[in-house]
Amino acid sequence: MPYQGCALTPGRRRAALLAVFTVMIAGCSTSVRGTAVPAPPDAGQTSAAEPPGMVLRQQPGIGPAKTFGGTPIFDACTVLPFDVVRASGIDLDTSEGPGPFMKTAHMTADGQDDRNSRGSVADAGISRCEYPGSHGEALTFTIYQTPFDSPNSREEHEKSLRQGGREGQAAGFRTLSATTTELHTWTTGIFADNFYAILHLNARDPAQPENPRLVRLVENAAERLHAAPTGPATYSYDGEFAHVPPPCEVFTSTDFQQAIGSSTDGRTVEQYDLAKKHITADAMSGTTGHTEHFYVTTGCTQENQAAANSGVGPTPAQSITVTMESYLTSQMAAEANDYDCAIGKGYRHPAGEPKPVPFTSGDGLTCLINMGSGRQSPLAFKSGRSTVELNVFYARNLKDDATAIRVYSGIANAVAARLADR
């Protein structure tokens, strides 16, 4: 499932302005509020044991599976949860500097199939799990089930994997595997009669066909795909970030429907930092009076089937993402919000000063973040210990700032109320 546009997170926008005025892309974001603290030399260097600094907790799904068009749906992150991934030899990225998110696309409610939004070749898959690995590695696991397993899409996947690939078996399933040594990628398809799954790893070293880590991943996934689908995995933070709520409880499908006028398809996309992030103020960003900032980023995308499937068919694609940075203290959140929205304070913003809006959400400043000419402006505000950004994807929703403000305002007030006591 593609992640439309990728939310622009406040901390990463401010953190990318380092010794030189350079915009750094990290987790689909462009942040510039200070200097990111680099990871310690041994960050992420663990085996199956809990990685140091990891604060995100994952509970694999239990109970009845959610359905789509009547089909019980697997949850990709339940099939390959944290402990199975680590036991297979993948080191997760728990560094404190800005980096990639963990992402999961899964069913959180039963969904109805919109035939006008189906893909014929570019099926997005019904459930997807992305884990950020250390040293730039990235693991993606996508499951394709009816109606997101069209014959054309399956045929294209098989054709691609057969070109220089290898046929095999894992736990009784037929597999096709391919490596691209120069790109350090390794891909295996696991094929059953009524579904298939694609496991892809961007590795730190040239991918070898019999790399034990990759073989174990496929074997573990195949074994677990024999079990019946369950409900989706759930996530929470512990320790000093226990106050951070699940992002799709802050931005709900009801909020989406009230803003857009149409319902979601039951699938959400969530993103989570695995470990806390840390940036310090610097002169280049204009934040020298600010404190150190410790936070975690979460995000929730609510969308319809057309958006999840990249806008295919005649149904209008609708997708909204709410991204939150949750801080240790309200002061940290207030300083981040000030950087986002205060005008005339000398902060360095790559695309110019923020733009005012005719309303206030939460308990701080509210503004549109200037992303430059012709680019959509996210709405930014603060509530409690969190700063928030709202993005509406697909340009047809944003004819101008006034249109954006009408879409944003109701969602912003609902989100602010849920974060007020956090």
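**Close-up views of a predicted model**

Figure 1. Ala-171 is partly exposed, because its relative accessible area is 35% (buried is under 20%, exposed over 50% and partly exposed in between, with a 1.4 Å probe and protein chains only). This is a predicted model, in which local features need pLDDT of at least 70 and side-chain atom pairs count only at pLDDT 80 or more, while totals for chains, interfaces and linings use all residues. Residues are numbered from 1 along each chain as its sequence is written, and side-chain values use heavy atoms, with hydrogens and water left out. Ala-171 sits in the loop between β8 (166-170) and β9 (173-180); helices (H or I, at least four residues) and strands (E, at least two) are DSSP runs numbered from the N terminus. Its phi is near 50°, a positive value in a residue other than glycine.

**Figure 2. His-135 and Pro-147, on either side of β7.** His-135 belongs to the loop between β6 and β7, and Pro-147 to the loop between β7 and α4 (151-162). Phi of His-135 is near 60°, again positive in a residue other than glycine. With a relative accessibility of 53%, His-135 counts as exposed. The peptide bond from Thr-146 to Pro-147 is cis, its omega near 0°. Most residues other than glycine have a negative phi, and most peptide bonds are trans.

**Figure 3. Helix α10 and its cover.** The 19 residues of α10 (residues 401-419) should span 27 Å at 1.5 Å a residue, and the 25 Å between its end C-alpha atoms agrees with this; the expected span is 1.5 Å times one less than the number of residues. A kink of about 35° is centred on Tyr-408, where the bend is the angle between axes fitted to the seven residues ending there and the seven starting there. Buried residues of α10 include Thr-403, Val-407, Tyr-408, Ile-411, Val-415 and Leu-419. Among the elements that cover the buried residues of α10 are α7 (253-260), β16 (319-327) and β20 (386-393), through contacts (heavy atoms within 4.5 Å).

**Figure 4. The largest nonpolar core, around Phe-141.** A nonpolar core is a set of buried Ala, Val, Leu, Ile, Met, Phe, Trp, Tyr and Cys residues joined through side-chain atoms within 4.5 Å. The largest one has 43 residues, of which Met-102, Tyr-131, Phe-141 and Leu-225 touch the most other members. Elements that each supply at least two of its residues include β6 (127-132), β7 (138-145) and β11 (195-202), and α5 gives the largest share, 5 residues. Apart from this core lies another, of 25 residues, among them Cys-248, Cys-300, Phe-381 and Leu-419. Leaving out residues up to four places away in sequence, the residues that Phe-141 touches include Ala-76, Val-79, Cys-129, Ile-198 and Leu-225.

**Figure 5. The aromatic pair of Tyr-339 and Tyr-347.** Rings of Phe, Tyr and Trp (its six-membered ring) pair if their centres lie within 6.5 Å; planes under 30 degrees apart are stacked, over 60 edge-to-face and the rest tilted. The rule gives 9 aromatic pairs. One of them, Tyr-339 with Tyr-347, is tilted, at 5.2 Å centre to centre and 45° between the planes. Both Tyr-339 and Tyr-347 are buried. Elsewhere, Phe-74, Phe-173 and Phe-195 form one aromatic cluster.
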